[in-house]
Amino acid sequence: MGRLHKELRRLIGSPRVRSAALASGVAEEFANGYVAGTGIDALLPVVDKLGGQGLSLALTYLPDPDDEAEAVDRLAESLGRLGDAAAGIELSVKPSQLRLAADPAGARARLAGLCEEAGRAGAVVTLEMQGASCFDDTVGLWRAVRADHPDLGLTLPADVFASERVVGPLADDGARLRLCIGAYPAPRTLGYRREQDKAKALVRCLRSAMERGGYAMVASHDPTIISIAQELARRNDIEPDGYEHQMFYGVRPLEQRRLVDIGHRCRTYVPFGPAWYEYLTAQISARPRAAYNYLRALGDKR
């Protein structure tokens, strides 16, 4: 499956397919199902729609690659535009958007500022993880800012070995932990490569987080992982509001609504911003059926 994903991503992201998709309008049609537009004006009706379905929301900005730091300003701006609807929303930000590698002190200040903006709006912030190579620096940034902003969440990719070492101690402190299988492949010396090993590691991380008092954010679309998470919550007497499921916008939408309908908290990860095509490429290539439909639609348009 990993090789298929890689080949599909290479095909869909090729200049030829990109040009044809943009020229024919196929890309925009597909993007509407995965991305809430390029700016805040397009985001607002999506927030209204999903909120009306009882879903919680996580917003992330897809900036132009030449100006990643723009993401922080756009996320803060979205809170003001959302008004009362911002309460309960999660803002998801990447270390690169905070310029962590180039300016660690500035990254702390930018993240703290975003947390302050979110707190005033009744929202929260979660720091993403961009692979095993920046794991320690990202956790260090999170620790530094969380000292003054205890609601700051942290993403732990279970396929990175280090996640299993830190999840328990962080959960002891009641941390908000987004637990997932990462999108950044880890070297063999730093992480699992087989999908089965990754899934097992995710279950172990979920168990540690729930048994030791953390707030687990179960970022998975896998029905087996979802069922295991619910069973772990039951065994540990965790109420439905004591953890949550998280899924991408446009992926298993009926399941997201089903979870809400039966009393679980489910948060939809909603991206918006100018780099929507790159995000669309990743989402479609990860799902062979969607990739097939995308390429078929491109053929029909042409």
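Me: How many helices and strands does the chain have?
Reply: The chain has 13 helices and 8 strands, where helices (H or I, at least four residues) and strands (E, at least two) are DSSP runs numbered from the N terminus. This is a predicted model, in which local features need pLDDT of at least 70 and side-chain atom pairs count only at pLDDT 80 or more, while totals for chains, interfaces and linings use all residues. Residues are numbered from 1 along each chain as its sequence is written, and side-chain values use heavy atoms, with hydrogens and water left out.

Me: What share of the residues is buried?
Reply: Of the 302 residues, 51% count as buried, that is, under 20% relative accessible area with a 1.4 Å probe and protein chains only.

Me: And which residues have the most contacts inside the largest nonpolar core?
Reply: They are L59, L111 and L179, in a core of 76 residues; such a core is a set of buried Ala, Val, Leu, Ile, Met, Phe, Trp, Tyr and Cys residues joined through side-chain atoms within 4.5 Å. Helix α9 (residues 195–211) gives this core its largest share, 7 residues.

Me: What does L111 touch, leaving aside neighbours within four places in sequence?
Reply: L111 is then in contact (heavy atoms within 4.5 Å) with V93, L98, V125, L127, L141, V145 and L152.

Me: Which residues are in the other core?
Reply: That core lies apart and has 23 residues, among them I12, V251, Y269 and A290.

Me: Switching topic, what are the spans of the C-alpha trace?
Reply: Along the principal axes of the chain, the trace spans about 55 × 40 × 40 Å.

Definitions and conventions. Buried means under 20% relative accessible area, exposed over 50%, partly exposed in between (1.4 Å probe, protein chains only).
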